[in-house]
Amino acid sequence: MKLLLLGLAFMPALASSAALPQEAPQTSWKFDFGPRDTPGYISVMPNTSYNATRGYGFEEGGNVHIRESNWGPDEPNTLLRDYATSEKPFLFSVALPEGNYKVSVSLGSANEISNTTVKAEARRLMLQDVSTRAGEWKTRSFLVNVRTPRIEDSSAVAINKREYGALNWDDKLTLEFNSSFNGARPSICALEIKKVEDTTTVYIAGDSTVTDQTQEPFAAWGQMLPRFFSEAVAVANHAESGRALYSFKGERRLEKILSTIKPGDYLFVQFGHNDQKDKSPGSGPFTTYKENLKFYIAQTRAKGAHPVIITPMERRRWDGNKPLQTLSDFAEAARQTAKEENVPLIDLHAMSLQFYAALGPEKSLKAFVHYPAGTFPGQNEALKDDTHFSAYGGYELARCVVESIKTNVPQLAKFLANDVAPFDPSQPDDITKWHLPLSPLRVTRTPEGS
């Protein structure tokens, strides 16, 4: 009942505001980081902190400072004369209504090298390791989906405590600027944000192995997926920890997706870990699980969108040097459903077993959340989780999904980023050479589901 009340908490505000005339919210912004007066751009300084009245600004804790490039006063491009940077990751937020937004960032400095990784909302990976030399600038663009719990001003998603007030569900877009390399910091000269209507959206319905995990060191493949698409695709990851097909629908999460999905969009569906725990009469992989999958497929098609079924990846379980299977029935039920309904299938179950086998029992710990006590602030006990993934594990599984998109969803594959390389789950990235910077840390809690 508590979950339902949290979702309905939005309803009084919706009802009271509906009768009042309101100005159309601003959906286009241009920011120049520094004191220069660039026509059409808003100057942003280190003390420009976010508040609802201003509608934009830095979030607390970033220790941002503005640096000026060593150029003469007659340099015509004032946007590139100065830049925001920090030795710590920092967050910048902009108040925006629900929708898809094209974000363009100008990166670089005349004075020093820079390295920038950009995450959006709840740690969605957007740009990875964009490096510039001194005197070099790069502009990169990507799409971010912004959402709220409201459903057509009459209802709302029944969000839970973990989500209440989280970055994925608020009325603003938040960007995290970070760096992967010691000695190189992010250098942000300018930022442009513009709402876009005519674009493809990939929606995701799933559980904790898919969701945008909000806290380090947990991660999931859904929050890594945006990095692999061009600026022609937005990823709207509605997956949530602890959810099964039936509970995701019961909390109006599917209804939320169906309220905004449009013809030509996609719905990726991956469940199984929590459906397995359903012990109600008649429930099981080849009964209720298949029935619910077919319901999702029918509802998606009724909207003119494309359903894609994804088999659940395995947990980390071993019999000697061989990965054990704990979700094989649900994976097979998903395969059968995809064949019966003529729906594209991404067999993440099979690919995850290849991935784990390639790593072996010991190295596979790096793909999951295994850390001794005291590794992260507020972490008083060791983390030993063989269901939920580290950033490395989530990233590698996202690469599995992307590789399967190339073969099984070719009409979507044409929108993949230009730098997406071929991937073989039996030959994963070398963990000793792979790195993703940590987001600002909070007290670590284990996600729902196992």
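**Note on selected contacts and helix packing**

1. The side chain of Ser109 reaches the backbone nitrogen of Glu112 at 3.3 Å. The structure is a predicted model, in which local features need pLDDT of at least 70, side-chain atom pairs count only at pLDDT 80 or more, and totals for chains, interfaces and linings use all residues. Residues are numbered from 1 along each chain as its sequence is written, and side-chain values use heavy atoms, with hydrogens and water left out.

2. Ser109 belongs to strand β7 (residues 99–109); strands (E, at least two residues) and helices (H or I, at least four) are DSSP runs, numbered from the N terminus. Its side chain also makes a polar contact with the side chain of Tyr83, at 3.2 Å. A polar contact is a pair of N or O atoms within 3.5 Å; within protein, one must be able to donate a hydrogen and the other to accept it, and residues adjacent in sequence count only if both atoms are side-chain atoms.

3. Ser109 counts as buried because its relative accessibility is 0% (buried means under 20% relative accessible area, exposed over 50%, partly exposed in between, with a 1.4 Å probe and protein chains only). Not counting residues up to four places away in sequence, Ser109 touches several residues, including Ser69, Arg133 and Trp137; contact means heavy atoms within 4.5 Å.

4. Helix α5 (residues 253–260) has Arg253, Leu254, Lys256, Ile257 and Leu258 as its buried residues. These pack against β11 (150–151), β15 (200–206), α4 (245–250), β17 (266–270) and α6 (285–302).

5. Two packed helices are described by the angle between their axes and the distance between the axes. For α6 and helix α7 (residues 328–341), the angle is about 40° and the axes are 10 Å apart. Axes are lines fitted to C-alpha atoms, for helices over the stretch in contact, and angles run from 0 to 180 degrees between N-to-C directions. The two helices α6 and α7 are therefore oblique to each other (under 35 degrees is roughly parallel, over 145 roughly antiparallel, 65 to 115 roughly perpendicular, and the rest oblique).

6. Among the residues of α6 that meet α7 are Phe286, Leu293 and Ile297; those on the α7 side include Phe330, Ala333 and Thr337. By class, this contact has eight nonpolar, two polar and seven charged residues. Ala, Val, Leu, Ile, Met, Phe, Trp, Tyr, Cys and Pro count as nonpolar, Asp, Glu, Lys and Arg as charged, and the others, Gly among them, as polar.

7. Helices α8 (residues 348–363) and α9 (residues 391–408) pack at about 130°, with axes 10 Å apart. That makes α8 oblique to α9.
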